[in-house]
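This report goes through selected parts of one structure, part by part.

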Amino acid sequence: MTDVQRIIAQNIGRIRERIAEAANRAGRSAANIRMVAVTKYASVDATRQLALSGLKELGESRPQQLWEKATALSDENIHWHLVGHLQRNKVPRTIPLVHLIHSIDNLKLMEQLSYEGSKQNTTVAGLLEVNISGDKEKHGFYPKELASAIEAAANFSHLEIHGLMAMAHREGGIEVARKDFAAVRELRDRLANNAPDGVSLSELSLGMSGDFEEAILEGATILRVGRALFDGVEY
Ligand SMILES: *Cc1c(COP(=O)(O)O)cnc(C)c1O
């Protein structure tokens with residue numbers, strides 16, 4: 001085992017312990033919480049180390065980087081997640097490579113995903129991104145736009161919505177993050193009552209390296225962890 005492998009394996013172990021402790025505090029089973037390893041800062045080699053350490057759910061925020069790594073690591077049996085903004089012209093190349101798109105943030109993109117899904121004879125799985133912080137630089141539906149986005153989703157035959165994704169405010173630390181995550185969960189609970197057939201809101205993709213414990217306490221089912229996996233590694 002190389003030093004890099006050893007450090008990454010230790011980091012994974014430590015993160016899994018923290019997930020288990022937070023799940024325990026929340027009265028939840030850690031088995032219901034998936035971790036997507038976000039590799040956007042990592043080289044192809046460092047990314048391969050994650051896969052060799054047993055992490056097979058990997059995420060990228062830029063479509064081109066996802067294409068590149070998915071191609072370079074096609075022998076590793078990885079499920080790729082796109083967690084960043086997707087432009088419509090990048091939909092055709094992304095669909096065949098991606099397992100779940102966390103960042104569906106506008107109606108035209110939904111329409112394009114369904115259209116291209118039908119052309120490629122597949123159903124695209126995704127989450128609706130919520131701009132919970134209200135930051136104008138961030139992507140995502142504003143909370144008041146979500147109900148109509150969900151209505152629209154029901155009409156796209158080759159797009160399957162499984163839940164919501166959000167990022168906490170950049171500032172304010174973990175207390176603000178926890179409030180943001182609670183707000184997403186409440187929004188989800190409210191919308192789930194009237195969700196049309198074919199739209200599920202069961203998944204909540206919340207929490208990154210700095211705030212995944214707060215996300216677990218507020219009901220996250222998917223965590224997106226990047227930096228914490230590479231602590232102490234040059235990558
Ligand atoms: C980079 C990124 C992450 C991971 O962030 P870390 O702080 O490195 O854990 C999660 N989600 C999205 C959308 C990202 O862009």
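The model described here is predicted. Leu-229 is found in the segment that follows strand 8. With a relative accessible area of 0%, Leu-229 is buried, because buried means under 20% relative accessible area. Beyond residues up to four places away in sequence, Leu-229 touches Ile-8, Asn-11, Ile-12, Ile-15, Met-35, Ala-37, Leu-50 and Leu-55. Leu-229 and Thr-39 are 190 residues apart in sequence, yet their C-alpha atoms are 9.1 Å apart in space.

**Helix 1**

Helix 1 covers residues 3–26, 24 residues in total. From its first C-alpha to its last it reaches 35 Å, close to the 34 Å expected at 1.5 Å a residue. Its buried residues are Ile-8, Asn-11, Ile-12, Ile-15, Ile-19, Ala-22 and Ala-23. Just after helix 1 comes Gly-27, which takes a positive phi of about 70°.

**Strands 1 and 2**

Strand 1 pairs with strand 2 in the parallel sense, over two bridges. Ala-37 has Leu-58 of strand 2 as its bridge partner. Strand 2 spans residues 57–60. Glu-57 and Gly-59 point one way from this strand, while Leu-58 and Glu-60 point the other way, and all are buried. In a regular strand, side chains alternate between the two faces of the sheet.

**Glu-76**

The side chain of Glu-76 makes a polar contact of 3.0 Å with the side chain of Arg-48. Apart from neighbours within four places in sequence, Glu-76 is in contact with Arg-48, Ala-51, Leu-52 and Lys-56.

**Helix 5**

Helix 5 runs over residues 107–119. At 1.5 Å a residue its 13 residues should span 18 Å, and its end C-alpha atoms are 18 Å apart, which agrees. At its N-terminal end, helix 5 is capped by Asn-106, a side-chain oxygen of which lies 3.1 Å from the backbone nitrogen of Lys-108. The buried residues of helix 5 are Leu-109, Met-110, Leu-113, Ser-114, Glu-116 and Gly-117. They pack against helix 4 (91–94), strand 4 (98–104), strand 5 (124–130), helix 6 (146–153) and strand 6 (159–166). Asn-121 follows helix 5 and has a positive phi, near 60°.

**The ligand**

The residues surrounding the ligand include Val-38, Lys-40, Tyr-41, Ser-61 and Val-83. Met-167, Met-208 and Ser-209 are also among them, as are Arg-224, Val-225, Gly-226 and Arg-227.

| Residue | Protein atom | Ligand atom | Distance |
|---|---|---|---|
| Arg-224 | side-chain N or O | nitrogen | 2.9 Å |
| Gly-226 | backbone N or O | oxygen | 2.8 Å |
| Arg-227 | polar side-chain atom | oxygen | 2.7 Å |

Taken alone, the ligand exposes 390 Å², and the protein buries 93% of that.

Definitions and conventions. Residues are numbered from 1 along each chain as its sequence is written. This is a predicted model: local features need pLDDT of at least 70, side-chain atom pairs count only at pLDDT 80 or more; totals for chains, interfaces and linings use all residues. Side-chain values use heavy atoms; hydrogens and water are left out. Helices (H or I, at least four residues) and strands (E, at least two) are DSSP runs, numbered from the N terminus. The expected span of a helix is 1.5 Å times one less than its number of residues. Buried means under 20% relative accessible area, exposed over 50%, partly exposed in between (1.4 Å probe, protein chains only). A residue is near a molecule or strand if one of its heavy atoms lies within 4 Å of it. A polar contact is a pair of N or O atoms within 3.5 Å; within protein, one must be able to donate a hydrogen and the other to accept it, and residues adjacent in sequence count only if both atoms are side-chain atoms. Accessible areas come from the Shrake-Rupley method with a 1.4 Å probe; for residues, only the protein chains shown count as cover. Two strands pair if DSSP finds at least two bridges between them. Contact means heavy atoms within 4.5 Å.
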